[in-house]
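Here is a short briefing on one structure.

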Amino acid sequence: HPFETDFYRHEDVTCHFGSAVAALDALGHRIILGDGRRLDYDRCLIATGATPVIPPIPGLRESTRVFALLNAASARTLDVAMRVARKAIVLGVSLVGMKMAEILVRRGVEVILLGRGDQVLARGTHPLAAAIVRRHFERHGVDVRLGRNLEGLEDAGDGAVCRLSDGAVEEADIVLVCTGVRPNLAFVDRDQVEVD
């Protein structure tokens, strides 16, 4: 937890660290914890984070060469893998995918950046600005391939053999999945809580 114990005591916060939420009864204004305890509330803020979306691509979940940023531990594991990587494929041209491509190139790794759409940073970026960003990345050595996707991969030796939607086959030491996140809301009853 981010604060010292005195902070919570001073702010009159009752903590239940390490207690998973099993269900939210929004109609009854009650939270049910994994151990069966029930906590009543007046107002409830759900701030349960998110989980990376792993696309249903054959071999993606099974590969030992695929990485997604989930938490500090996964970032440390990726950092170790990046130290010895020579070539990487980054799936996703969002801010996260672009930042990972930048970090990899600065470390001397050859990078292929794959995006299904027709521009980088598609959400909220004007096409002219997106084209400028793409050219900037390409000038710095990133191989940006738009309108393409990963169709499948298999581990091979110390890397992965990746089949792309345009028929190309690329070998990579690591594959980074930066294709979005899904909020952690499994405990929320959608009949009681509207989720947008």
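**Briefing: rings, hairpin and pockets**

Tyr-8 is buried, with a relative accessible area of 11%. Its pairing partner Phe-7 is partly exposed, at 35%. The model is predicted. The largest pocket holds about 710 Å³ of space.

**Aromatic rings**

- A search of the whole structure turns up four aromatic pairs.
- One of them joins Phe-7 and Tyr-8 in an edge-to-face arrangement. The centres are 5.3 Å apart and the planes stand at 80°.
- That pair counts as edge-to-face because its angle of 80° is over the 60 degrees required.
- Ring pairs also link Phe-3, Phe-7, Tyr-8 and Phe-17 into a cluster.
- Tyr-8 counts as buried because its relative accessible area of 11% is under the 20% limit.
- Phe-7, at 35%, falls in the partly exposed class, which lies between 20% and 50%.

- Strand β9 spans residues 150-156, and strand β10 spans residues 159-164.
- The two strands pair in the antiparallel sense, over six bridges.
- Gly-152 has Arg-163 of β10 as its bridge partner.
- Two residues sit between the strands of this hairpin.
- Gly-157 takes a positive phi in the hairpin, near 65°.

**Largest pocket**

- The volume of the largest pocket is about 710 Å³.
- Its lining consists of 27 residues. Closest to the centre are Gly-92, Ser-94, Cys-178, Thr-179 and Gly-180.
- The elements giving two or more residues to this lining are α3 (95-106) and β7 (110-115).
- By class, the lining has 16 nonpolar, nine polar and two charged residues.

**Second largest pocket**

- The second largest pocket has a volume of about 520 Å³.
- Its lining is made up of 17 residues. Val-21, Ile-31, Cys-44, Leu-45 and Ile-46 are the closest to its centre.
- Three strands, β1 (21-25), β2 (30-33) and β3 (38-40), each supply at least two residues of this lining.
- The lining of the second largest pocket has 12 nonpolar, three polar and two charged residues.

Note on methods
Residues are numbered from 1 along each chain as its sequence is written. This is a predicted model: local features need pLDDT of at least 70, side-chain atom pairs count only at pLDDT 80 or more; totals for chains, interfaces and linings use all residues. Side-chain values use heavy atoms; hydrogens and water are left out. Rings of Phe, Tyr and Trp (its six-membered ring) pair if their centres lie within 6.5 Å; planes under 30 degrees apart count as stacked, over 60 as edge-to-face and the rest as tilted. Buried means under 20% relative accessible area, exposed over 50%, partly exposed in between (1.4 Å probe, protein chains only). Two strands pair if DSSP finds at least two bridges between them. Helices (H or I, at least four residues) and strands (E, at least two) are DSSP runs, numbered from the N terminus. On a 1 Å grid over the protein atoms alone, a cavity is a set of points where a 1.4 Å probe fits but cannot get out, and a pocket is an open set with protein on both sides within 12 Å along at least five of seven lines; lining residues have an atom within 4 Å of a point. Grid points are joined across faces, edges and corners, and a volume is the space filled by probe spheres set on the points. Ala, Val, Leu, Ile, Met, Phe, Trp, Tyr, Cys and Pro count as nonpolar, Asp, Glu, Lys and Arg as charged, and the others, Gly among them, as polar.
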